[in-house]
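Colleague: I have a new model on my screen and would like to learn how to read it. Could you walk me through a few features?

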Amino acid sequence: MEELKISEVYRAQQVLKDVARHPRLVGPTNLVKDSQVYLKPENLQYTGSFKLRGAYYKISQLSPEEKAKGVIACSAGNHAQGVALGAARNGIKALICLPAGAPLSKIEATKALGAEVCLVDGVYDDAYNKAIELRDKEGYTFVHPFDDPLVIAGQGTIGLEILEEMPDVEAIIVPIGGGGLIAGVAFTVKTLRPDIRIYGVQAAGAPSMADSLRNGDRIRLDNVSTIADGIAVKEPGTLTYEACRRYVDEVVTVSEDEIAAAILALIEKQKLVSEGAGAVSVAAAIFGKLPIAGKKVVCLVSGGNIDVSILNRVITRGLTKSGRICTITLDLNDKPGQLSAVCDIIGRQGGNILSVAHGRATGKGGINNCELHVELETRNSEHVGQIHKALKDAGYQIL
């Protein structure tokens, strides 16, 4: 990071002027009651992610000799597509090493952008090792997904765009995986406007940067597990860790339920589809993880490439977290009229019953007792509490 100059970010901005989209800020939104929250929707970027910026700028700065040999990268997602498009726009060969188990949709999307795909047995680390092997053997230039000054400079153009559009912004919230995005944004913004607060957010199941900063040195996690697959990184980069240590004010984590709720809020309230990695910034704002009350804030929505096969599950998780769907289990005396009475109470409280499962209890109550599982739609968590209270007041035991 000592070698990176703000002039490099401005040069990247000129290179990307007619290449990347420059999505304008959305807002102020109604996502957080006591803050003016705006969104920088990089999910609307070409390839659906900010990754195009850094990958394209890195490729554009290669020498003619390097371009002639082509580039290689390792990714199962957004970086692969950014490198593929960047290489195609520069008229050079791109080879992407992917784990053999990568989703077919991502493999086909990478091929559709003109890259060759090398499927490698195993996981990401195996694909990475293969990419390095081929780099050394064939002379490709390896385009790192985050730990490269030129890639970081490309991502930093987002910071320039935010400052140009909203000079009075007080805080910017950025997702963190390997750290390339926040390194670029934080370096750029703090260089030009050190008074602006820069906050980073990671998934609680992949807190590599948060734990490294707390530890005082980079650490490598044994495993990561999160629906935010775009930021599921075991170890931050050398450059990106240093940038976060120097320029980032605070890094927090958000839970899986909070991420799901943020995805749902973006769909319902802003008509924006975000992947889990892109929604963590919004999750941190919604669930009060950062000191932004009364401030003018920009949440960076870094990408929108969520696998549609899991979107339904994520939405259901988000509905549950926000109190829009709940399941109530009751211990009932199994006699005529009980089911009808319970449904009547729920109906009078405004709950909409989705399903009912009724079965004999086994050891949890009396011989003539049964368990009743009721799944219902509700307005919010307070509404769920009202229904619970009405059932208890009527003498029913909630398990």
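Colleague: What covers the buried residues of H12?

Modeller: First, the ground rules. This is a predicted model, in which local features need pLDDT of at least 70 and side-chain atom pairs count only at pLDDT 80 or more, while totals for chains, interfaces and linings use all residues. Residues are numbered from 1 along each chain as its sequence is written, and side-chain values use heavy atoms, leaving out hydrogens and water. Helices (DSSP runs of H or I, at least four residues) and strands (E, at least two) are numbered from the N terminus. Buried means under 20% relative accessible area, exposed over 50%, partly exposed in between, with a 1.4 Å probe and protein chains only. Here, the cover over the buried residues of H12 includes strands E1 (36-41), E6 (171-175), E7 (197-203), E8 (250-254) and E9 (296-301), together with H11.

Colleague: How many residues of helix H12 are buried?

Modeller: In H12 (residues 276-286), 10 of the 11 are buried, so the helix is largely enclosed by the rest of the structure. Among them are Gly276, Val280 and Ala285. After H12 comes Gly288, with a positive phi near 65 degrees.

Colleague: How many disulfides does the structure hold?

Modeller: A disulfide is a pair of cysteine sulfur atoms within 2.5 Å. The structure has 0. Take Cys74: its closest cysteine sulfur, in Cys97, is 6.3 Å away, too far for a bond. Cys74 is buried, at 1% relative accessibility. For Cys326, the closest cysteine sulfur is that of Cys343, 13 Å away, again too far for a bond. Cys326 also counts as buried, at 12%.

How values were computed. Contact means heavy atoms within 4.5 Å.
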